[in-house]
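Good morning, and thank you for coming.

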Amino acid sequence: MVAIRIVGIVLAAGRSTRMGEVNKLTKVWEGRPLVAHVAEAARSSSLAEVLVVTGHQRETVIEHLNPDDITVHNPDFATGMASSLRAGVQRAAEKGADAALILLGDMPLVTAEHIEAFIAAFRAAGEGNEKAPIVQASCRGKPGNPVLFPGRLFPDLLTLEGDTGARDLIKRHADNRLLLEIGEAAARDFDTPQAFDGESVDEA
């Protein structure tokens with residue numbers, strides 16, 4: 001059996017407008033920059049490869065990554081999340097990926113153990129068949145992030161536009177979606193100064 005290549009794509013290109021003048025991805029939380037938590041979790045897992053999509057303040061974000069991290073620059077980051085998804089998925093496809101786990105750079109509660117659970121769930125559900133499912137994280141049953149997409153949906157991901165990400169695409173394939181409960185890690189992102197202090201929790 002041919003090994004299935006699951007590539008991780010960390011989205012780290014956003015403008016961080018709700019944080020003010022500070023780029024949230026470079027803001028320190030529990031001893032490390034936010035984006036470093038996510039990239040390290042992905043790198044510590046058994047993902048075949050990890051791609052970090054950069055855009056806004058690209059050089060500053062790269063300074064907070066591991067030198068071995070593979071970055072993909074999205075020059076169209078200002079048009080919204082879809083452009084970063086397209087940039088990451090396009091590179092993953094070029095690298096022969098059979099599936100892609102989309103991780104958000106501002107969700108540091110996602111761990112390598114969570115990522116391994118995604119990989120295991122995808123493999124158990126029939127990773128290589130034509131109806132391999134979307135695997136989406138959930139918090140108390142409510143869908144969140146990360147999301148793992150089988151390669152058969154790459155063409156659809158490459159047509160996305162705007163700032164809503166793949167939400168509509170996931171809805172269209174809701175009958176072939178597996179929810180993976182990972183608790184607060186699926187729901188908590190760090191968009192505001194208050195979030196870093198634990199005063200607010202944003203749900204995906």
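A residue is called buried when its relative accessible area is under 20%, exposed when it is over 50%, and partly exposed in between, calculated with a 1.4 Å probe on protein chains only. This is a predicted model, in which local features need pLDDT of at least 70 and side-chain atom pairs count only at pLDDT 80 or more, while totals for chains, interfaces and linings use all residues. Residues are numbered from 1 along each chain as its sequence is written, and side-chain values use heavy atoms, with hydrogens and water left out.

Let us begin with Glu-49, which is buried at a relative accessible area of 19%. Its side chain meets that of Arg-5 in a salt bridge, at 3.2 Å from N to O; the term requires a side-chain nitrogen of Lys or Arg within 4 Å of a carboxyl oxygen of Asp or Glu. Because Glu-49 lies in strand β4 and Arg-5 in the segment before β1, this pair ties together parts that are 44 residues apart in sequence. Strands here are DSSP runs of E with at least two residues, helices are runs of H or I with at least four, and both are numbered from the N terminus.

Glu-49 also forms a salt bridge with Lys-95, with 3.3 Å between the closest N and O atoms. Lys-95 is partly exposed, at 31%, as is Arg-5, at 27%. The structure holds nine salt bridges.
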